[in-house]
Amino acid sequence: MILACHRHIFFALGKCIALYPILFITVCLTASSMVSVGIIFAYFTDNFRSGYAIPHLQSSKEHAVLHDFYHITRDPYKIVLIGESTDGGSMLRQGEFAAMRFEIERGLSLPVNEHHRADLQPTGPKKALRDYVTISAERSFTLIGDCLSSPTCKVQVGFPYSMLNDRRVWTAPIMYGVENGSVSTLVYHMLFFNPDAGAIKRIKDVELQWNRLLQKRNARNTSLVQLRLFGDQIVDDEIRQGAIGSMPYFLIGAALMTLIVYTSVRHYDKGFIPAAVLTLWTILCPLLAATMSISCFAIIGIPINCVMFLMPFLVLGVGVDDAFLMMHKWFSSKDARRVTRLCSVLIAIGPSISLTSLTNVFAFLIGSLLSPPAVRTFCFCTALALVFDWLLQLFMFAPVLIRFYSFSTPTSAISSQKYESAFATYAKFIQKRVIRYSFLLMLIAYWMATGFFAFQMRENFSPEKTFDTNSYLAQSIVKNEKMYFDHEMIRVFFTTMPEDTHDLRHRMKLIDQIEYVCDNFTTWIDEYDAIYGRDERQRLQDHFANIAAFFVDRPDFTKLIEFEHTRDGAFGVSKLAFDICVHGFGSWRERALMVRDLRSRLPEGFSIHIFDSAIFDLILSSREAVIKSVLVTVLCMVMLCALFIPTLRATSVAVTSVASITIGMIGGLYLWGADLDTMVMVDIVMAIGMTVDFSAHISYLCFINGASLREPNKLAEVVQAVAFPTAQAALTTMACVVPLYFYRIYMYVTFAKTVILSAMIGFIHTVFVIPLLLSFLGDHSNVAIIRSPKHNGNRE
């Protein structure tokens, strides 16, 4: 019944297209051109922190606690300037510190443009970057500068406090690499608590300006210090440059693909101009589909991000694959009548193309459910492009074939017999009992090995995976690992206030017992308790009665406690926070695992905040997200295969093949140096959709063949029908992405690796593994034979 439905739909479609091919071509070209005009509204933006963070994870709850504590509605924006001496010495020497101090003053003095329109005049005094800073290390740097400029300066570097002319200064957040009175790294941090998105945008513009000035300064290599500026906008700008830098690689890949497509088309048409024109139509359909998808997003105001630059590569590969299958069936057909030939082509190829297109679309839609916002946009954009490509293949490429290429490929009888003899020999070879069971054992060994390697992939992600590994920013981020390994400050908030001092001390003691908390580090709460605490139980408001005197010499902690009037008119503690110091974790993965362990070991009633927690959650959730995406995608693929190939045997072979290709690809990615991260998750989901291309076509052909698959000549016919177009498809897909392999950005390199592996393993499964599995079927396949209503004696 399902086969009859397929047949009637595509038979009717073929008759309609054959009657009005020019009309279909004109309508498709006009509609796609009109939609593609919307690309003029496209603009690029990226935010690695919010764009690649998965919402509703633990970090989201922690950020909500931060917002409530400081009465803010959005995360504070952070800019950090890091200084290191060029000779490896201490940064507390007068010349080195003065150089960093000069750069801080220069950056903070940069003007902030209050208006984006040139015709608007400022209404107040011109503001500089320093006017927007809410919290910074200014006090500590001022005290250090005053001391170093004094001829009687006495500096006693310690941790977490340092003594400057007998004055105790909190220096843990700004001094790294403290050893024997030397400080290898100084950090000046700036936090902006501004609810106005426009103000943050202007601050980011100044950040980029400051970074460009700083890089020019560092390029002169005449300073005593090496300075590095960090902020989200700097990372986002680097990502943008990397995405734009991928365009030449895309053009090279498209040129290679065009050359291979043209060479393949010459197999069908020996004329230069007809082959060139058909090559143009083959490439045009997926390119129009990609352009229309981006245009639709641009029209509704959704910006382009760096991941979306992968979409044209993918759509080109999938679209050309479908075109090859359609061309091979068209030119090898012996039907003289154009209508009959087109109907037979669409009946044979239309369902499998529809199956692969729908599976690809569903794969990306499923991938979007568990992905960060930027990756979700890429998935939606790619799914829409694949829908457009599917429609253009059926309603524009098919009319092109019937209107301009109404002939069959002239193949000599000798050449035809040679091909058939080779495939017949191959079919007999793989159907030998010894060969079948020997290769079945090899296939099982392949599953076990690749499965083992797949589970060895470790969760990891870092911002530098999205931009050039040789860039100044990437090298600077790697240097920061040494700084984080030295120590890192984490803010801890009380989400439920202690009942009294006994409860407070008990909670604080549990935190002190965590082994990776820095040695000799004391929180301000413990320090206050040591000075003003009493042995007996006290209410918190009584315990902190001397807090004003305590903060006189410790103003850095004033924003970590908040009082309010209680119902009885008393003055009580309403909010409380403190900083802890951890050490021994440098890389992003190590820090993520530390945060997971810290969350599990914190007593109830605490919440931590670390600026990179969203990235850490992305790392920690990668394995679960990948497993869920793969399982749901495979399940949807099973249902779609059952819809188009409604027999248990054919569907099980297709699903087994997809699972086999996927597990081999994941194992290959591990051996090729990839990590389990969001990029790989999207690549895997994408590859699952692509692997259906290799499995569905041959499975569907076997399904409608209606003959015993143990007969060598019938199996040879099936393999011969798909071997050449599948080889063409795999080769063109790899050619399109191979240039990306030489691009120095992990995200694009991993995409290229995934496509190359899926194409190679998929081709092997098409011509060997699937025929091998099909040969184990019973003597007669439970399949239906599709018959034409006008030619009931001929099998389509």
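Asn165 is partly exposed, at a relative accessible area of 34% (that is, between buried, under 20%, and exposed, over 50%, using a 1.4 Å probe and protein chains only). You'll find Asn165 in the loop between E4 and strand E5 (167-170) (strands are DSSP E runs of at least two residues, helices H or I runs of at least four, both numbered from the N terminus). Although Asn165 is not a glycine, its phi is positive, about 50°.

A quick word on what we're looking at: this is a predicted model, where local features need pLDDT of at least 70 and side-chain atom pairs count only at pLDDT 80 or more, while totals for chains, interfaces and linings use all residues. Residues are numbered from 1 along each chain as its sequence is written, and side-chain values use heavy atoms, leaving out hydrogens and water.

His71 is another non-glycine with a positive phi, about 60°. His71 belongs to the loop between H4 and E1 and is exposed, with a relative accessible area of 58%.

## Helix H4 and its two sides

With 13 residues, H4 spans 19 Å from first C-alpha to last, close to the 18 Å expected at 1.5 Å a residue (the expected span takes 1.5 Å times one less than the number of residues).

Which residues of H4 are buried? They are Ser59, Glu62, His63, Leu66, His67, Phe69 and Tyr70. These cover an arc of only 165° around the axis, so they sit on the same side of H4 (the arc is taken from the directions between the helix axis and the C-beta atoms). Lys61 and Asp68 are exposed on the other side of H4.

## Aromatic pairs

There are 37 aromatic pairs in the structure (ring centres of Phe, Tyr or the six-membered ring of Trp within 6.5 Å; planes under 30 degrees apart are stacked, over 60 edge-to-face, the rest tilted). Take Phe69 and Phe493: their ring centres are 4.9 Å apart and their planes meet at 55°, so this pair is tilted. The pair ties together distant parts of the chain, with Phe69 in helix H4 (residues 58-70) and Phe493 in strand E9 (residues 488-494), 424 residues apart. Both Phe69 and Phe493 are buried.

Tyr77 and Phe192 make another tilted pair, because their centres are 6.5 Å apart and their planes at 45°. This one also links distant parts of the chain: Tyr77 is in strand E1 (residues 77-85) and Phe192 in strand E7 (residues 182-192), 115 residues apart. Tyr77 and Phe192 are both buried.

## A ring cluster and a cis proline

Ring pairs also build a cluster whose members include Phe159, Tyr161, Trp170, Phe521 and Trp524. Phe159 has something else going on: a cis peptide bond joins Phe159 to Pro160, with omega about 5°. Pro160 is in the loop between strand E3 (155-156) and strand E4 (161-164).

## Charges over rings

The charged end of Lys127 sits over the Tyr132 ring, 5.5 Å from its centre (the test is NZ of Lys or CZ of Arg within 6 Å of the ring centre and within 35 degrees of the ring normal). Arg341 lies over the face of Trp330, 4.7 Å from the ring centre.
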